[in-house]
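I opened the notebook with a few plain look-ups in mind. Entries follow in the order I made them.

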Amino acid sequence: MATSSVLAAPSPTGARAFLKRLRSGDEVARLITLAFATSILLVTVGLLYELWIGSALARQRFGFGFLTSSAWDPVSERFGALPFIYGTVVTSAVALIIAVPLGLGAAIFLAELAPPRVSSTFTFFIELLAAVPSVIYGLLAIFTLVPLMRTVVEPFLSRTLGFLPIFKGAFYGVGYLTGGVILAIMTLPFIISISREALLEVPTEQREAALALGATRWESTWQVVVPYARLGIFGSIFLALARALGETMAVTMVIGNDPSIRASLFAPGYTIAAIIANEFTEATGEIYLDALVGLGLVLFLLTIVINAVARLLIIATTRRGSTNP
Amino acid sequence: MTLRNRWRKTLSYMMLSLTGVCAVLAVAVLFLILGYLFYNGWRSLDWDFLTKLPKPPGERGGGMANAIVGSLQIIFLATLIGLPVGFMAGVYLSEFGGKTFAFLIRYMADLLNGVPSIVIGIFAWTVVVVPLHHFSALAGGLALSLILIPVTARSTEQFLNSVPQTLREGALALGASKWRTIATVVVPAAYRGIATGMILGVARIAGETAPLLFTSLNNQFWSTGFDQPTASLPVMVFTHAIAPYDDWHRQAWAAGLVLLLGVLVANIAARLILSRGISVQR
C-alpha cells in the first residue's frame, strides 16, 4: 500500500537497522498491521467526507437555516431539520430521565451491596440485555408497550400530572413518550455495566474511612463512593445518550412518524434516525436525498461530540490510559 | 440525637433496598422480553417458516427461508472483511503501536464504534450502491463490517494486552523475531479472549437492521448472488411488524425469535469459551 511514503521516512535507528528489521520480517509485519490500523482512520474520515459531499446541495440551498426550519415538504422541496432534532432530543431526554436513576441504583446495588455471586449473575443478564437487537425491542414495543401506553400510562399521567403542558392532549400510544421509554430500556444496560465498573474502581479505603467516621452504609455510598466515581458515571450517561440519539429501529417503530413539533409527550413525532430509515429509499430528487444525508451529517456530528466527551470521561476515571475504558 | 440516628439508619436501609429494586427491575425486563418473545414466537414458528419463501401480502402461510440464508450471506461477507481487518488493527495497537498514532487510532475506533448504524448505512450506500447502481448483499456486508472492525480491533487489543510481558521476553530471548513471537506465542496465549470478542462482535452485527435498509434492501425471493438485493431476518422483522396483516405479525414474531435465539446463543457461547465472566466493551 503506502509503503513508499513510509519507507521514505527513516526510522530513528537509521536505514541499516531498518533493512535488518525488514529482512527479519518485523518491519513487514509492522507495516502490514499499520496499514490495517490506518484503515480505521480512513473509514472514519471517509464517513465524514461522504456525508459532507452528499449533503452539498442541501447545505448550499438552505445553509444554517436547515437546522432552524421546521418545514418538511418534499413536494415543494423545502426541508428543515428542526422537528427531527427536536424529536431526537426529546426522546433521548425522556430516556435519560428514566434510565439514569434506575441504572445508577442498579449499579450501586451490584457494586456495593450484592454478594459477588449475585452481582456477576445479574451483570451477565444485564449484558445479555445489551445484546438484544434493537429491532426486537421495536417488535415488542409495537405489540406491548404501545397499547399499554395508550390505555394505561398516558391516561394515568394525564389524570395526575395533566396540568403540565407535556402531559396534555389525546392518547395515541405512539409518540415521544413511548420512544423515550423504549430508549430507556435499551440504554439501561450501558449505564449499569459502565457505572458498576466505575464504582468497583473506588478503593476500599474510601468506604472504610467513611464508615469509620460513623457514616451509615448509604451515606458512605452516596456521599463518598458515588462522588469518587462520578467521572465514570457521567461517562456512562454520555455513552447512553449517544446510543439514544443514534438509535434507529426501535424508535422508528413507535415514534409515530409525524414531522411536527408538539409540546405534548403523548403526541406522535419523528427523530433524525427514523426519517432517514423511512424515507431514504423513497427519496426522489437530488435535493430531497441531500437533505436526508444532511440529517445524517447532523446526527453524526451530534453523536461524535457526545461520544468523544464520554470516552474522555471514562479514560479520565480509569487513569490507566485508554487501553481499558 | 437518637431520633436523628434512627432516621439515618432507616434512610440507609430504605435507599439500599431501593437500589436492589432497581437491579431486579432491570433484570426483570430481560425475562419479560424473553418470555413474551418465546411465547409469541414459539406459537408462530413452524416448518414452513424455515423452508418456504414469503407469500405476497395478505396471503396466509409462507416462510422466510430466503431471509435466513440472506442473513447468513451478509454476515459471512461482513466477517470476511471485518474480522481480519479488526484483528490486524488490534495487533498493531497492542504490539507495534507507539504513543500518539496508536492513541489516535484507538480513539477513532471508539468514535467509529459510536457512529449510529444508520449513518454507516448511508456511507455504504454512497460508496457501494451508488457506483454499482444496485442494492446488494455486498453493500450490506460492507456496512456491517464497518461496525465489526472497531469492535474486533478493540477487543483483540485488550486481550493481547493482558498477555504477560514475560512471555514475550522469553520468546525474544530465545532468538525469535518480533513477528514470530507475536504469531506463535502472544496470539495463541490470548486466542480464547480474541475468539470471544469476535463472536460477540458477529452476534452484534447479526441483529443490526438500520444499515441494511438501504444497502441490501429486501427480496421476496432467493437472492441469486452477492450483487443482488438480499432479504435478511432483521429487515424482515421490521417490515413485517409494521405491516397491517395479522399473518405477517405472526411471522415477525417467529423471525424475531429465530434472530434472538441466534444472538443469545452466540453470546452465551462466547462467554463460556472465556469461562470467566468478562464485560462487553462497546
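**Entry 1: the A–B interface.** I started where the chains meet. I found 78 residues of chain B in contact with 79 residues of chain A. I then asked which element of chain B gives the most to that side. Helix α1 (residues 2-44) of chain B does, with 19 residues. I sorted the chain B side by class: 56 nonpolar, 15 polar and seven charged residues. I keep in mind that this is a predicted model.

**Entry 2: confidence in chain A.** I checked pLDDT next. Chain A averages 88, and 93% of its residues score at least 70. Which elements of chain A mark the two ends of the scale? Helix α1 (residues 3-8) of chain A has the lowest mean, 41. Helix α6 (residues 82-113) of chain A has the highest, 95. I also noted two stretches of chain A where pLDDT stays under 50. One is residues 1-11, with seven contacts beyond four places in sequence in the model. Another is residues 320-325, with eleven such contacts.

**Entry 3: fold of chain B.** I counted eleven helices and zero strands in chain B. Read along the sequence, the pattern is therefore α repeated: α-α-α-α-α-α-α-α-α-α-α. I took the span of the C-alpha trace along the principal axes of chain B: about 70 × 65 × 30 Å. Of the 282 residues of chain B, 53% count as buried. I looked at contacts in chain B between residues at least 6 apart in sequence; 74% of them join residues at least 24 apart.

**Entry 4: domains of chain B.** The contact takes six residues from domain 1 of chain B and seven residues from domain 2 of chain B. On the domain 1 side I count three nonpolar, three polar and no charged residues.

**Entry 5: helix α9 of chain B.** I tested the length of helix α9 (residues 191-206) of chain B. Its 16 residues, at 1.5 Å a residue, should span 22 Å. Is α9(B) mostly covered or mostly open? It is mostly covered, with twelve of its 16 residues buried. The buried ones include B:G193, B:M198, B:L200, B:R204 and B:I205. I then looked for what covers them. The cover includes α7 (116-131) of chain A. From chain B it includes α3 (65-96), α6 (137-161) and α11 (246-273).

**Entry 6: positive phi in chain A.** I ended with backbone angles. Most residues other than glycine have a negative phi. A:E77 has a positive phi of about 55° although it is not a glycine. A:E77 lies in the loop between β1 (72-73) and β2 (78-79) of chain A. I count 13 other C-beta atoms within 10 Å of A:E77, so A:E77 is partly exposed. A:N257 is also not a glycine, and its phi is positive, near 55°. I place A:N257 in the loop between α13 (249-254) and α14 (272-279) of chain A. A:N257 has 18 other C-beta atoms within 10 Å. Why is A:N257 not called buried? Buried needs 20 or more, so A:N257 is partly exposed.

Methods. Residues are numbered from 1 along each chain as its sequence is written. Chains are lettered from A and ligands numbered from 1 in the order in which they are written. This is a predicted model: local features need pLDDT of at least 70, side-chain atom pairs count only at pLDDT 80 or more; totals for chains, interfaces and linings use all residues. Helices (H or I, at least four residues) and strands (E, at least two) are DSSP runs, numbered from the N terminus. pLDDT is the predictor's confidence in each residue, from 0 to 100. Ala, Val, Leu, Ile, Met, Phe, Trp, Tyr, Cys and Pro count as nonpolar, Asp, Glu, Lys and Arg as charged, and the others, Gly among them, as polar. The expected span of a helix is 1.5 Å times one less than its number of residues.
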